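Hello,

Here is the structure I promised to pass on, with my notes below it. Have a look at the model first and then read on.

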Amino acid sequence: MPVYPIDKLEPKRIIISLGGSLIVPDEINVEYLKKFRAFILSWLKKDYKFVIITGGGAPARRYIDAATAVLDNDLTDDDKDWLGIHGTRFNGHLVRTIFRHEARASLITHPEEDELDSTKPILVGAGWKPGWSSDYVANKLAARYGAPVVLNLSNIKQVYDSDPKKNPNAKPIEEMGWADFRKMVGDTWTPGMNVPYDPIAAKLAQEAKTTVLVLDGNNLENLQQCFEGKPFLGTKLY
């Protein structure tokens, strides 16, 4: 099981790419959001600060599918991406609202130019522009902060060598270098793409030498292990 010394990080700033599948797997997951909020608040008490970037989840894909059906596939990738981006921003406003006392009032929507200084310990962001997912935004912000690690929380336990939904013999991977990961997922982003990590974000992470920890965000006990610098179930990409 991989280990990463999150408990030893200085400064104590954690970048989280929070998958839309956790926020809205089908309906809004209120019980999960309550638990996630309590988890983050517990680490705020230990002087940690957070940048949380939200994904779009099922609603974003539904909007893309609906527009595609109405226009009989006469839809550009930019059209699809903008629908997804607005889905991430809706989720971002929800997450910012549940942290209304701890988070800055405005969302980060431009990771290159938006002001990052804040008296609040939490910043929430979402999608930026067509061409990549919210994972890319998380890596852009990690680069701006000089943060060495991004936590990618979604509904998968680990990265596998093939799609476990299609291959029952798919093998989980505990650690993988960026070069090998990028060979597996390719270099091209398509709107609504469902991969362990956005290929364009992976390229940026490799260039910036950023480590990404892929974990099942539903398992907050496992996430606690990760935060405490103990072995956790997940995948370390580096």
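Strand 4 (residues 149-154) and strand 8 run parallel to each other and are joined over 6 bridges; two strands count as paired if DSSP finds at least two bridges between them. Helices (H or I, at least four residues) and strands (E, at least two) are DSSP runs, numbered from the N terminus. Within this pairing, Leu153 is opposite Leu215 of strand 8.

Before going further: this is a predicted model, where local features need pLDDT of at least 70 and side-chain atom pairs count only at pLDDT 80 or more, while totals for chains, interfaces and linings use all residues. Residues are numbered from 1 along each chain as its sequence is written, and side-chain values use heavy atoms, with hydrogens and water left out.

On its other pairing, strand 8 is linked by 3 bridges to strand 9 (residues 235-237), in the antiparallel sense, with Val214 opposite Thr235. Strand 1 and strand 4 are parallel and share 4 bridges, and Leu18 faces Leu153 of strand 4 there. Put together, 7 strands make an open sheet of mixed pairing, in the order 3-2-1-4-8-9-7. Its edges are strand 3 and strand 7 (175-176), each of which pairs on one side only.

Is strand 8 buried or exposed? Since 6 of the 6 residues in strand 8 (residues 211-216) are buried, the strand is largely enclosed by the rest of the structure; buried means under 20% relative accessible area, exposed over 50%, and partly exposed in between (1.4 Å probe, protein chains only). Thr211, Leu213 and Leu215 are buried on one side, and Val212, Val214 and Asp216 on the other.

The largest nonpolar core has 36 residues, and Ile6, Leu18, Phe50 and Leu151 have the most contacts inside it. A nonpolar core here is a set of buried Ala, Val, Leu, Ile, Met, Phe, Trp, Tyr and Cys residues joined through side-chain atoms within 4.5 Å. Among the elements giving two or more residues to this core are strand 1 (13-18), strand 2 (49-54), strand 4, strand 8 and helix 8 (220-227). Helix 2 gives the largest share, 8 residues. A second, separate core of 31 residues includes Val51, Trp128, Phe181 and Tyr197. Leaving aside residues up to four places away in sequence, Ile6 is in contact (heavy atoms within 4.5 Å) with Ile14, Tyr48, Leu151, Leu213, Cys226 and Phe227.

Rings of Phe, Tyr and Trp (its six-membered ring) pair if their centres lie within 6.5 Å; planes under 30 degrees apart are stacked, over 60 edge-to-face and the rest tilted. The count comes to 11 aromatic pairs. One of them is Phe39 with Trp43, tilted, at 6.5 Å centre to centre and 45° between the planes. Phe39 and Trp43 are about one helical turn apart, because 4 residues separate them in helix 2 (residues 30-44), and both are buried. Ring pairs also connect Phe39, Trp43, Tyr48, Phe50 and Phe227 into a cluster.

Lastly, what lies over the face of Trp43? That is Lys46, at 4.0 Å from the ring centre; a charge sits over a ring if NZ of Lys or CZ of Arg is within 6 Å of the ring centre and within 35 degrees of the ring normal.

Best wishes
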